[in-house]
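Here are my notes on the two-chain model you sent.

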Amino acid sequence: MSGVWFDHAATSLPRRPEAIDALNASAHKATPGRGLHGASRAGRDHVEAARTSLLRATGLKGVVCLLPGTTAALGQAILGLTPAPRAIALGPMAHNALRRPAHQACERIWTLPHDEHGHVDVAAAAAEWPADIDLVCIEHASNVTGLVQPVADIVTVAHRRGAKVVVDAAQTAGVLPAPEMGDADLVAFGAHKAFAALPGVGALVVRDPSLSLTPRAPGGTGFDARAETMPAALPDRLEAGTLPLALIDAWRAAAEAPHTDRLERGALVDVLLGAGVDVVGEGTLGVVSGRVSGSAPQEVEQMLDEVFGIGVRAGLHCAPAAHAVLGTLDEGGLVRFSMGWSTTAAELDELGSALGQLKRALGRAA
Amino acid sequence: MNAAPTADALPRVTLRKDCLGGEKIVDVDFGQPLGMAHLDEVSSAFADVQRTILADLPRPFFRLDVHGRFVLTGIIGDASARFTVRRHLDEDANDVALGAARTMLKGAGA
């Protein structure tokens, strides 16, 4: 395993110690909401406390529905919305977790107008808005370049035109304040990136609990067993099966853990530019992608990992739309470097040193 | 103590996944440290091979581009290496990688 981690955009390592402690403490706890014994009731109390903690940590308002991850939450939001949308406005830098459900939900997809970096042009969007857009699916931030979209403004435009808005907040929940997402109708995010808890659990925050959502994965709920269908009310309507209490407790502990100051994006960009990396795109989060001339992205990833023990991610990052905007689709994508809660200045120095050695070695070999 | 792998078990594929544009990544365990002799076998067995050795790195990195077939990358001294098999061969990616790996082992006196 890579000793130095610059792939926090994929998953944050190490996990927060508070999350691991809570995971271990809860591993032997009873399934919440199954039965009336004290153990089950205690589990249910933990889950409800976690919902409260997540709203507090993110600043979002609404009902927290716990699902297996951000991808499941986005799929539930987009494919569960009823009636199905006639047309969808899609963010230009959308991750496949947003893009694929959108394409599955309806044939008519309109990409929001944007500049060369993928930043949505809200004025152009308002002027060109097709009349049949019922749903906007927008990434709050690009997982390739760290670019942050003007989601609050997009929500304002969408709502004026009667469209709902789903936000992919995988890269931003717990990092950027909630007002940046405005009154978005559905916001999806997970436990294992910015929160540095564990994969396997995510949240869909539904602002208006009366929103009509068809459950994508109906099943047992632990109550009202005779009913043929899932309960009408959120969150139970979307939460079938056994909730992963240990993961939820771990997430809550991470959300309640003391805030840690993160290194600014500029520090990472400076290191990369200083090492001769060609940075591509613009952004504000600590997620930066680029090229190392003389070497394919996958080979840079392999060298950083096998020679230096540094973990980065090369390729399309499950976001071919973003690479199409950046013009990097046909060259094999880019190498992505992403910081997280635990990234230190010393690790940045180590990355810079490794990249510098790589560049010099490639230069000599050329 | 586990028994050492038999000669028949090696080389073996340890990872196979899609890369970009349909190219397949096939990681192969050779069961022995790879050296220049193994790389020489690739240059002998295939036409049009471009070899790059980044010898100045803390762990020397090699890249052999067998044009039209695969790119072989790895660390001198490691027992495994990565084949990135070109798209038109992707259905036979494992066979391409293992075939080349056997050639490397045989010629280097495995």
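How much area is buried between chain B and chain A, and what percentage of it do carbon and sulfur atoms give?

1. The model is predicted, so please read every value below as computed from it. The area buried between chain B and chain A comes to about 1,400 Å². Carbon and sulfur atoms give 68% of that area. In residues, 16 of chain B are in contact with 17 of chain A.

2. The rule finds two salt bridges between chain B and chain A. One of the salt bridges found is formed by Asp56(B) and Arg364(A). Their closest N and O atoms are 2.4 Å apart. For salt bridges, the cut-off is 4 Å between a side-chain nitrogen of Lys or Arg and a carboxyl oxygen of Asp or Glu.

3. Which elements of chain B supply the side that touches chain A? Those giving two or more residues are β3 (49–54), β4 (61–66) and β5 (70–75) of chain B. β5(B) gives the most, with four residues. By residue class, this side of chain B divides into nine nonpolar, three polar and four charged.

4. The sheet of chain B. Six strands form an open sheet, in the order β1-β2-β6-β5-β4-β3. The pairing is antiparallel.

5. β3(B) and β4(B) pair in the antiparallel sense over six bridges. The two strands form a hairpin, with six residues between them. Within the pair, Arg51(B) stands opposite Leu64(B) of β4(B). Both strands are also among the elements that give two or more residues to the side of chain B touching chain A.

6. The β1–β2 end. β1(B) pairs with β2 (residues 24–29) of chain B, antiparallel and over six bridges. Here Arg12(B) stands opposite Asp29(B) in β2(B).

7. Helices on the sheet. Which strands of chain B does helix α2 (residues 93–107) touch? This helix of chain B packs on the sheet and touches β1, β2, β5 and β6 (80–85) of chain B. The direction of α2(B) makes about 35 degrees with that of β2(B). Helix α1 (residues 36–45) of chain B lies across β3, β4 and β5 of chain B. The angle between α1(B) and β3(B) is about 160 degrees.

8. Backbone points to check in chain A. Most peptide bonds are trans, and most residues other than glycine have a negative phi. A cis peptide bond joins Thr82(A) and Pro83(A), with omega about -5 degrees. Pro83(A) is in the loop between α3 (70–80) and β3 (87–90) of chain A. The bond from Leu234(A) to Pro235(A) is also cis, with omega near 0 degrees.

9. Pro235(A) is found in the loop between β8 (202–206) and α7 (245–256) of chain A. The loop between β8 and α7 of chain A also holds Asp224(A). Phi of Asp224(A) is near 50 degrees, a positive value in a residue other than glycine.

Key:
Residues are numbered from 1 along each chain as its sequence is written. Chains are lettered from A and ligands numbered from 1 in the order in which they are written. This is a predicted model: local features need pLDDT of at least 70, side-chain atom pairs count only at pLDDT 80 or more; totals for chains, interfaces and linings use all residues. Side-chain values use heavy atoms; hydrogens and water are left out. Contact means heavy atoms within 4.5 Å. Buried area is the accessible area (1.4 Å probe) that two parts lose on being put together, summed over both. Ala, Val, Leu, Ile, Met, Phe, Trp, Tyr, Cys and Pro count as nonpolar, Asp, Glu, Lys and Arg as charged, and the others, Gly among them, as polar. Two strands pair if DSSP finds at least two bridges between them. Axes are lines fitted to C-alpha atoms, for helices over the stretch in contact, and angles run from 0 to 180 degrees between N-to-C directions.
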